[in-house]
Amino acid sequence: MKRKQTLIFDLDGTLTDSGLGILRCAQYALDHFGIHVDDLDQLRPFVGPPLEDSFIQFYGFSPERADEAVRVYRERYFTTGVYENEVYPGTFEALSELRCRGYRMGIGSSKNEPMVLEVLRHFRLAPYFDFIAARDEAGVRHTKADVLRHALAIEGIRLPNVSSSASSAPSWLPPTLSPALMIGDRFYDVQGAHEVGLPAVGILWGGYATRQEMIDCQADFIA
C-alpha cells in the first residue's frame with residue numbers, strides 16, 4: 001500500500017498564538033541588558049526564528065551575550081510565558097479530521113524540546129502527534145532545516161537527491177510526490193523545508209507573515 005503523507009507542523013504562530021508570551025519574554029530579557037522596549041509590536045520578529053539568532057540579528061548581541069539573553073528569556077518563559085498562549089480556533093477540528101484521514105502528523109519547531117512538550121501537554125495537543133522534532137539542548141539542531149532533517153530521520157523518510165540545472169527551478173519535490181509536507185507561518189519554515197527537499201505550506205492566519213513574504217520565499221501553497 002502507498003504510504004500516507006506525513007504532515008510536519010510548526011508550532012508557534014501555526015497551531016498556537018504564542019506571540020504575547022514570546023514578546024513579553026523577549027522584553028524581559030532585553031530589560032536585563034538595560035534595553036527597554038515598551039512597544040511589544042517592535043519585538044514581533046522574535047516569533048519564529050531561533051532566539052539566539054534574533055538577539056544577534058535585531059540587537060547586535062555577540063553569541064555569548066545572546067546565550068545569556070536566552071537564559072534570562074527562559075527564566076520567565078517556563079514559569080509564565082509558555083501559558084500566555086492560545087490554540088487558534090479550528091485547530092482541534094482540523095487535526096481531528098486529518099487524523100481520521102490517516103495522515104501521520106508531527107511537530108517541527110525551532111523551540112527547544114522541553115518547551116514544545118510543555119505547550120503540547122498544557123494545551124492538550126499532544127495526542128494528535130506521532131512525533132516531535134525540535135531544537136535540542138546541545139544546539140546540534142539549530143536551524144529549521146536541522147529540525148526537519150531530524151523529523152525525516154524519526155519517520156525513516158529518505159528523500160531522493162532532487163536537483164535542477166535551471167537556476168529558477170525548485171530543487172524540492174512537488175507536493176503530490178513528496179512523502180512529507182511542512183506547514184508553517186514564516187519564511188524560515190519554507191526555506192528550511194526547501195533546503196531539505198520538502199514542499200511547504202505557508203499559513204497566514206496567525207498574522208506573523210504577509211502574503212508577499214510567502215510569495216517571495218516560494219511557498220508551494222498559501223493558506
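This is a predicted model: local features need pLDDT of at least 70, side-chain atom pairs count only at pLDDT 80 or more; totals for chains, interfaces and linings use all residues.

Me: Which element gives the most to the lining of the largest pocket?
Reply: The largest pocket holds about 240 Å³ of space. Its lining has 16 residues, and Phe9, Leu15, Ala94, Ile183 and Trp205 are the closest to its centre. Both β1 (6–9) and α4 (91–100) supply at least two residues of this lining. With four residues, the element that gives the most is α4.

Me: How many residues of the lining of the largest pocket are nonpolar, how many polar and how many charged?
Reply: The residues closest to the centre of the pocket include Phe9, Leu15 and Ile183. Phe, Leu and Ile count as nonpolar. For the whole lining, the division is 13 nonpolar, three polar and no charged.

Me: Which residues have the most contacts inside the largest nonpolar core?
Reply: In soluble globular proteins, nonpolar side chains tend to be buried together. Here the largest nonpolar core has 45 residues. Two or more residues each come from β1, α1 (19–32), α2 (51–59), α3 (63–79), α4, β4 (104–112), α5 (113–122) and β6 (180–184). Those with the most contacts inside the core are Phe9, Phe55, Tyr73, Met105, Ile107 and Phe129.

Me: With which residues is Met105 in contact, leaving aside its neighbours within four places in sequence?
Reply: Once its neighbours within four places in sequence are set aside, Met105 is in contact with Leu7, Phe9, Leu95, Leu98, Arg99, Tyr128, Phe129, Asp130 and Phe131.

Me: What is the distance between the end C-alpha atoms of α1, and what span should its 14 residues have?
Reply: The expected span is 1.5 Å times one less than the number of residues. For the 14 residues of α1 this gives 20 Å, and the end C-alpha atoms agree with it, being apart by 20 Å.

Me: Against which elements do the buried residues of α1 pack?
Reply: The buried residues of α1 are Gly19, Gly21, Ile22, Leu23, Cys25, Ala26, Ala29 and Leu30. Just after the helix, Gly34 takes a positive phi of about 80°. The elements against which the buried residues of α1 pack are β2 (16–17), α2, α3 and β4.

Me: From which element does the largest share of the lining of the largest cavity come?
Reply: The structure holds two cavities of 30 Å³ or more, and the largest has a volume of about 190 Å³. Of its 17 lining residues, Asp12, Pro49, Leu51, Ser110 and Lys111 lie nearest the centre. By class, the lining has seven nonpolar, four polar and six charged residues. Its largest share, four residues, comes from β4.

Me: How many charged residues are in the lining of the second largest cavity?
Reply: The second largest cavity has a volume of about 40 Å³. It is lined by Asp10, Gly48, Ser110, Lys144, Asp185, Arg186, Tyr188 and Asp189. By class, this lining has one nonpolar residue and two polar ones, and its number of charged residues is five.

Me: What is the phi of Arg124?
Reply: Arg124 lies in the loop between α5 and β5 (131–135) and, at 68% relative accessibility, counts as exposed. Its C-alpha atom is separated by 9.3 Å from that of Phe92, 32 residues apart along the chain. Most residues other than glycine have a negative phi. Arg124, although not a glycine, has a positive phi of about 60°.

Methods. Residues are numbered from 1 along each chain as its sequence is written. Side-chain values use heavy atoms; hydrogens and water are left out. On a 1 Å grid over the protein atoms alone, a cavity is a set of points where a 1.4 Å probe fits but cannot get out, and a pocket is an open set with protein on both sides within 12 Å along at least five of seven lines; lining residues have an atom within 4 Å of a point. Grid points are joined across faces, edges and corners, and a volume is the space filled by probe spheres set on the points. A nonpolar core is a set of buried Ala, Val, Leu, Ile, Met, Phe, Trp, Tyr and Cys residues joined through side-chain atoms within 4.5 Å. Buried means under 20% relative accessible area, exposed over 50%, partly exposed in between (1.4 Å probe, protein chains only). Contact means heavy atoms within 4.5 Å.
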